[in-house]
Amino acid sequence: MCSAGHAWVGLGRIVYATSSEQLTQWLAEWGAPPPPVVLLPIATVAPRVDVDGPAPEFADTMKAMYEAKFR
């Protein structure tokens, strides 16, 4: 998701399942190459947007989905 675009057009609150910090840790754990972009927290990119996340109840599911793609 592009939080910058989301903030620019004023879509309001952002709800997300997995943080960039989690994804960075998982990629390192699997020995995957780093992403081609800098992974920044939403609050850094869009500080005036209300944010809810990450959702711990989805962590295992999200990790499995990313693992299928990147491992």
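## A walk around helix α2

T24 is partly exposed, with 41% relative accessible area; that class lies between buried (under 20%) and exposed (over 50%), using a 1.4 Å probe and protein chains only. This is a predicted model, where local features need pLDDT of at least 70 and side-chain atom pairs count only at pLDDT 80 or more, while totals for chains, interfaces and linings use all residues. Residues are numbered from 1 along each chain as its sequence is written, and side-chain values use heavy atoms, leaving out hydrogens and water.

Let's stay with T24 for a moment. T24 sits in helix α2; helices are DSSP runs (H or I) of at least four residues and strands are runs (E) of at least two, numbered from the N terminus. Eleven residues separate T24 from P35 along the chain, and their C-alpha atoms are 8.4 Å apart.

Now for the aromatic rings. Three aromatic pairs turn up in a search of the whole structure. Rings of Phe, Tyr and Trp (its six-membered ring) pair if their centres lie within 6.5 Å, and planes under 30 degrees apart are stacked, over 60 edge-to-face, and the rest tilted. The ring centres of W26 and Y66 are 6.1 Å apart with planes at 45 degrees, so this pair is tilted. Because W26 belongs to helix α2 (residues 20-30) and Y66 to helix α4 (residues 59-70), the pair ties together parts 40 residues apart in sequence.

| Residue | Relative accessible area | Class |
|---|---|---|
| W26 | 8% | buried |
| T18 | 15% | buried |
| Y66 | 26% | partly exposed |
| W8 | 79% | exposed |

T18 lies in the loop between β1 (14-15) and α2. Not counting residues up to four places away in sequence, T18 touches L23, W26, P54, M62 and Y66, where contact means heavy atoms within 4.5 Å.

Which residues make up the largest nonpolar core? The six are L23, W26, L27, W30, A32 and M62. Such a core is a set of buried Ala, Val, Leu, Ile, Met, Phe, Trp, Tyr and Cys residues joined through side-chain atoms within 4.5 Å. Helix α2 gives the largest share of this core, four residues. Another core, of five residues, lies apart from it and includes I14, Y16, I42 and A46. In soluble globular proteins, nonpolar side chains tend to be buried together.

Finally, W8 is found in helix α1 (residues 3-8).
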